[in-house]
Amino acid sequence: MKWSEIYLKTLKEVPSGAHISSHILLLRSGLISMSSQGIYVYNTLFLRSLQKLSNLIKKELEKNQAREILMPMVQSKEIWEESGRWNKFEGLLLKMESRTGAKLCLGPTHEELIINFVKPGLSSWRDMPLNLYQIQTKYRDEIRPRFGLMRAREFLMKDAYSFDTCFETAFQSYQKMFQAYQNIFNQLEVDYVVVKADSGAIGGNHSEEFHILAKAGEDELLVSQDMSANIEICPRQDAKKTQSSTPELKKMEKFATPHIKTIDQLAHFLSIESKELIKILFFINQDQNQASLKNKAFAVLCLGDDEVSLFKVKKELCLKEQPILADKEAVYKITGVEPGSCGPHKLKIEVPIYLDNYLKGKRNFITGANEEGFHFKNVNIDRDFKVKAFGDFCFARERDLSPQGFSFKKYRGIEVGHLFYLGDEYSKKMGLSYLDKKGKKQFVKMGCYGLGVTRTLQAIIEQKHDDKGILWPFCIAPFAVHICLIDGEENSRISKAQEKLISILDKQSLDYFIDNRKERPGVKFKDADLIGLPLRVNLGLRDLENNQIEIFVRKTGEKHKVNLSDLESNFFLTKFLN
């Protein structure tokens, strides 16, 4: 393919609105172009990479008996109401109405539609296991699309769905997909990590995420010798396990803390670190919307420098919805004081009090006195307030230890793949059942498996680039070889050398992109570095006078002068692309 045959315009300046390297490089190289906020046009070169990645994904899924289908992007309100997600997905669903008045949406995911599709045919245990997948456009009406294809409204995604008769075979299907994902990311030659994750709006009780590591990643990950997890759900070792002794209980005393409103201010006032203090946070249980404040509010106590994870609170307390932080009015009703002087001792409204596991064995807390401008020291469990339960409520940090006592290492990652074991969560709601060997009705066990195709490509660029441009891995590069014609192809010597080079590349099944523009060599070289194909071959009369061509390896920056007569059938594969 020649440059003159496609529409490709590169940019010298950083485009406005682009803040991370991969987004900047995709726009500057002309590989994508923004159509509207969060929606992009994919240029010829980027589309080639999408197709290569899609084919790689298909190959690995087919090995594991997953079979391709294609479902419509437009879905009906009825099936989303059947699963109970028409309102639950509010904000991400782009809803519309047909001319006949039918309520529709653009699909952000396809659990409902795939169940509706297979329901008539999955009537017997003999019809399973079954695994179906598609690679198709999704639309999520992101409130704040950003970072290019990382958080786009419209994107290409691979979604697969497995159907099984019981947990044992469903877990086998899950493991097959897990292995397929590992094979995919190993071939992409990227640094990635697999972590335990929250199931979010998809649901289910077990999920894992694949993250490509990058400093610009939105997710914070903690990895230790025994486990890896998204920081949102990562467990940590109880503090009691590391304590050598338990201090004696001291008499509770009140002391003045004028104008003190925050933990940091209190720590400065007392000349201690914030981690030596205790803070109390009040939450509202959204599962109990109609209940009184006494029945739907609760408190969580943790170390002063810890941060409560709503994901963990929801899991520990078995809530259907994430709780919300109580507002000032609610806190005042519970404590009799505004936030800043709150504590667990003698609340106005008695609400359940939960303690983070990191407070196990600790005594003599410093907490608010529920009186404006005052705090208590030496506040203790049981004597001064009652605890409903302990739990793992806070985000783990790099300084913490895993439950088995191993040190965490912190990474930033870009989530590109997510696997969910759904069990019968959807099949019960939507009536997806079968008759077992005894003729008894059972609900189908499901798994679902997402992989962001466009997001993966940008994530790879975010990890693999330098200050000049993209560093494409060979297997998904738009082309393997970038041929730069330093002198025009109308020159007979250039033309003959080009023909020989193309013949060699064709024999090795290597695709190539020819820059035949009438531009200065420096312009062509800068654009070649920006686009980032693995190899660049420079064809110029000066080298050809010595019967040579110049080969430039994009990843290493190495230059090689090679005689034309040395170009054998496997030259590029054995020398540079193995």
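User: How is the crossing of α2 and α11 read in this structure, as left-handed or right-handed?

Analyst: A crossing is left-handed if the near helix is turned anticlockwise from the far one by less than a right angle, and right-handed if clockwise; here α2 passes α11 in a right-handed crossing. This is a predicted model, in which local features need pLDDT of at least 70 and side-chain atom pairs count only at pLDDT 80 or more, while totals for chains, interfaces and linings use all residues. Residues are numbered from 1 along each chain as its sequence is written, and side-chain values use heavy atoms, with hydrogens and water left out.

User: At what angle do the axes of α2 and α11 cross?

Analyst: Axes are lines fitted to C-alpha atoms, over the stretch in contact for helices, with angles from 0 to 180 degrees between N-to-C directions. The axes of α2 (residues 44-63) and α11 cross at roughly 110° and come within 10 Å, which makes α2 roughly perpendicular to α11 (65 to 115 degrees; under 35 is roughly parallel, over 145 roughly antiparallel, the rest oblique).

User: Which residues of α2 and α11 meet?

Analyst: With contact taken as heavy atoms within 4.5 Å, F46, S49, L50, L53, S54 and I57 in α2 meet V453, T454, T456 and L457 in α11. The residues of this contact divide into six nonpolar, four polar and no charged.

User: How does α1 pack with α11?

Analyst: Helix α1 (residues 21-28) packs with α11 (residues 453-463) at an angle of about 105°, their axes being 8 Å apart, and so α1 is roughly perpendicular to α11. On the α1 side the contact is made by S21, S22, H23, L25 and L26, and on the α11 side by Q458, I461 and E462; by class, there are three nonpolar, four polar and one charged residues.

User: Which residues have the most contacts inside the largest nonpolar core?

Analyst: In soluble globular proteins, nonpolar side chains tend to be buried together. A residue is buried under 20% relative accessible area, with a 1.4 Å probe, and a core joins buried nonpolar residues through side-chain atoms within 4.5 Å. The largest core has 60 residues, and those with the most contacts inside it are F185, L188 and W472; helix α5 (residues 167-187) gives the most to this core, with eight residues. Not counting residues up to four places away in sequence, L188 touches L53, L56, T456, I460, K464, P473, C475 and I476. Apart from this core lies another of 27 residues, among them V481, I483, L510 and I549.

How values were computed:
Helices (H or I, at least four residues) and strands (E, at least two) are DSSP runs, numbered from the N terminus. Ala, Val, Leu, Ile, Met, Phe, Trp, Tyr, Cys and Pro count as nonpolar, Asp, Glu, Lys and Arg as charged, and the others, Gly among them, as polar. Buried means under 20% relative accessible area, exposed over 50%, partly exposed in between (1.4 Å probe, protein chains only).
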